[in-house]
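Here's a walk through one protein chain, starting with the whole and then zooming in on a few pieces. Keep the structure open beside you as you read.

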Amino acid sequence: MKKNFFKIIALSLLIAACSEDDTIVSVPDTPDVPDGGGNNVEGTVVLNEVEYLGDRVEIFNNSNAAVDLGSYWLCLGPGQYAQISDLVTVGNVNLDAGEYLSVSYEMPQGTGGLGLYSTNEFGSASAIVDFVQWGAGGNARENVAVEANLWTAGDFVPVMGNENYSIIYDGTGNGVANWAETTTVTIGAENVLSMPDAMKRSIVLNEVQYGNLDQVEVYNNGNVAVDLSSYWLCLGPGRYAQIGNLTPVSGTVELPAGEFLVLPFDMDDADGLGLYSNDSFGSSDAIVDFVQWGEAGSPRENVAVEAGIWTASDFVPTVGESASIEYDGEGDASTDWTEETIPSLGESNDAAARTTTFNVTITNAAKIFNVHTFTERNSGGILTDGVPLTQDNDFYQISFPAVPGTKITPVTMMGNSNDWFLAPEDLAGINLWENGTALNGVDIADQLVLYDLGTEVDNEPTYFPPAGANVGPADSNNLIRLVDRGGMRGSDYLTAYLTYASGDGQSAGTFTLTITAINAANFVVTPGIVALHANDAPLFALGEVDRGEGLEGIAEDGDPTALYSFYKEEGSSGPLRLTSTRTVFSPGVVYAFNGERDPFVLQGEVNNPSNGLEEIAEDGNNAVALEYLTNLGIPVAASDQTSNVGPGESLTFSLTVPEGQDFKFGFATMFVDTNDWFIAYNNAGYPLWDDNGVPASGFGASEKSYLFDSGTEIDQITGFGTDQAPRQGGPDTGADDSNNIVRRVGPSDGTFLTDVQFGKGAYNNPAGVVYVGDPRGGYNIITVEIQPQ
């Protein structure tokens, strides 16, 4: 291994010159190597400086004993070699430890690879002692040096082609990173690195994203490649890093002309960043470029001013968290830097961002709000549970709360059949309100018709009771269909009266349904179920097979237990299938951000009063949020719909997002029948591309969407508060919430959804889950679909 002789010779000078944040690199021990005379010496001889367009080569002895170089050779390739004893030298060929030998050697060429050999076996890896290559890779002796572990294939020292320059070795290790071009030729003396201004200034800070990414883009605007591994980034004392020790986000440290290198580097909202050719951070000769933002007076400002690449007290104004500052390619002032709302890290600053447009559909997917069974027969005042109505005037009666916009689907078996059942002819269900008026004293029996479930072969309904539960053979036609026979309407066999009692203003009104047998000889009415819902075809659909949820138990055996249990099943975070409550969603916003955390929904913090979230959460107004997010410079879109969407309806959006910048998806829409609740994705955001760059597709963003409380207004009973948007006298009229933290709605955060609309009470949903397909259960109110165009 080559020894760091620069640091040995100049150690005292280095200590004196170091700034308060410079580091001292200790010199490693070097192995013993033979000196050619059979003796072991510490260290070896090295190529130390090469005038590549002149005719001189400097060799340095960094061992602890003299080495006779007379028998050594210099070789550029076939026909271009000479023994050192045959060349003109300055200094003693029997080279003492720590001394230099200047050798005159004709080699004026802009590209080359020079080997120092102990013998003239130029193809032998055991004979080559040292090697350096400049201008281009692939020179004649490169492969020998590679085999000897002295060089890496294809590497070369970039040079400007100036006859007054040389290339010098830094005294540490092997390879291109240990060599650089200098304007100060010091053949016969200690090396001095004075990087050519044309090369040094060709490397510029080109873009800085100090907000949520902490990335720096370096650009090579010269015409030769530059190895940046020995360069440094420095903000001030204790805040610096050598580029060779950083893992690039994109690009290579051996930076070709016209290419970009993006590096990770922690920065603050007010800082001054210096790019240095070495770690002399107080030296105006070492600083290559500089930019300062947020405020003046950063620790390296004075160095940049002395170097003539910045003006004292000048700085670039602060930009948004997801934005960057970009260099215009001219000058050294703050005015040469501008805000870029969509960073172009790794690309030209004037390049148009590559984008993908996503179609987003947020659906109000409320399905079934509650289910109620009717099982208790009233026969002449005698109540018997779980039996059919076998005599005329026998009846079932149930009561249930409901709110406007609710529909019901009652189902009961024709007891003297195999698998026939009565249900609404309109598969959308029966509206409990008509023109805003609740059904009261209305017989809905004529809206019911007879269906065949298609699960069991039909016999003539001439006997009762059936032979037993689920005992008939399977029907060859397994599709649900209307029964094709006379007397198929419910009003032929029963009455089904609805009456209504209004609520007290803090709870829903109550409906009572009374089902009475009027033709028991031909139609035995059995226990059944009533589903309260908003969507169409909640329990079955014509032309489809039975869903296997429990309807077969009613249609074949007059037993609603299985279907009731299916809808009442609980998960770890609430009901698996019942929707929490009926509400509409407000026009919303969708957006994309490329930081670690959502910049809009600040879960666990007090809401930013200027961001527009309060206006969405309290009043369903997305205008303020749209303007705020637009001003942040991130992709954002409002819903195509400008009015609320109810169950079964959707909000649709078109969101165009730059590719390759780790953008994630976020959204917000109001849960309208509340004071300040809204639905959003979690703070981490949903990734819009996977690790392979494939855009997101499907319902994945549904799974971590939650119901949130913005903490801006005190909560009232869901669906009945006088300060809630549908009932308040004007926007922003509710009292302040004593807990002003943005949080998920759930017992763990002290907020509850209590369903008084349908009588389910407080929801045990600590996670705040809203997706209708979430296996944990929850509020069951939404789906979010993302599809790339």
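What share of the contacts in the protein chain with a separation of 6 or more comes from residues 24 or more positions apart? They account for 65% of those contacts, where contact means heavy atoms within 4.5 Å. Before going further, some ground rules: this is a predicted model, in which local features need pLDDT of at least 70 and side-chain atom pairs count only at pLDDT 80 or more, while totals for chains, interfaces and linings use all residues. Residues are numbered from 1 along each chain as its sequence is written, and side-chain values use heavy atoms, with hydrogens and water left out.

Let's start with the overall picture. The protein chain holds nine helices and 54 strands; these are DSSP runs numbered from the N terminus, with helices being H or I of at least four residues and strands being E of at least two. Its radius of gyration is 41 Å, well over the 28 Å that the globule rule gives for 789 residues, so the chain is more spread out than a compact globule. That radius is taken over C-alpha atoms, and the rule is 2.2 Å times the number of residues to the power 0.38. Along the principal axes, the C-alpha atoms fill a box of roughly 130 × 60 × 40 Å.

How much is tucked away? Of the 789 residues, 53% count as buried, meaning under 20% relative accessible area, with exposed being over 50% and partly exposed in between (1.4 Å probe, protein chains only). The accessible surface of the chain comes to about 30800 Å², and carbon and sulfur atoms make up 47% of that. These areas come from the Shrake-Rupley method with a 1.4 Å probe, and for residues only the protein chains shown count as cover.

Now find strand 15, residues 203-209. Seven of its seven residues are buried. On one side, six bridges join strand 15 to strand 16 (residues 215-220) in an antiparallel run; two strands pair if DSSP finds at least two bridges between them. Isoleucine 203 stands opposite asparagine 220 of strand 16. The hairpin these two strands make has five residues between the strands, and there aspartate 214 takes a positive phi near 55°. Strand 15 also pairs with strand 24 (residues 324-327), antiparallel again, over two bridges, and valine 208 sits opposite isoleucine 325 in that strand.

Put together, this is an open antiparallel sheet of five strands, in the order 21-16-15-24-25. Strand 21 (260-264) and strand 25 (337-340) are at the edges with a single partner strand each, so one side of each is left without a neighbour in the sheet. The twist averages 30° from one strand to the next, based on axes that are lines fitted to C-alpha atoms (for helices, over the stretch in contact), with angles running from 0 to 180 degrees between N-to-C directions.

A second open sheet has three strands in the order 46-26-54, also with antiparallel pairing. Strand 46 (650-658) and strand 54 (782-788) each have a single partner strand, so one side of each has no neighbour in the sheet. Neighbouring strands here are turned by 20° against each other on average, direction ignored.

Next up is helix 7, residues 561-568, where Leu563, Phe566 and Tyr567 are buried. Seen down the helix axis, the buried residues fall within an arc of 85°, so they line one face of helix 7; the arc is that of the directions from the helix axis to the C-beta atoms. What do they pack against? Their partners are strand 27 (368-374), strand 41 (528-533) and helix 6 (551-557). Six of the seven residues of strand 27 are buried, so strand 27 is largely enclosed by the rest of the structure. Strand 27 is joined to strand 41 by six bridges, antiparallel, with threonine 373 partnered by isoleucine 529.

Finally, take a look at a loop. Serine 610 is found between strand 44 (589-593) and helix 8 (613-619), and it is partly exposed, with a relative accessible area of 46%. Leaving aside neighbours within four places in sequence, serine 610 is in contact with Val624 and Tyr628. Serine 610 and tyrosine 628 are 18 residues apart in sequence and 7.7 Å apart in space, C-alpha to C-alpha.
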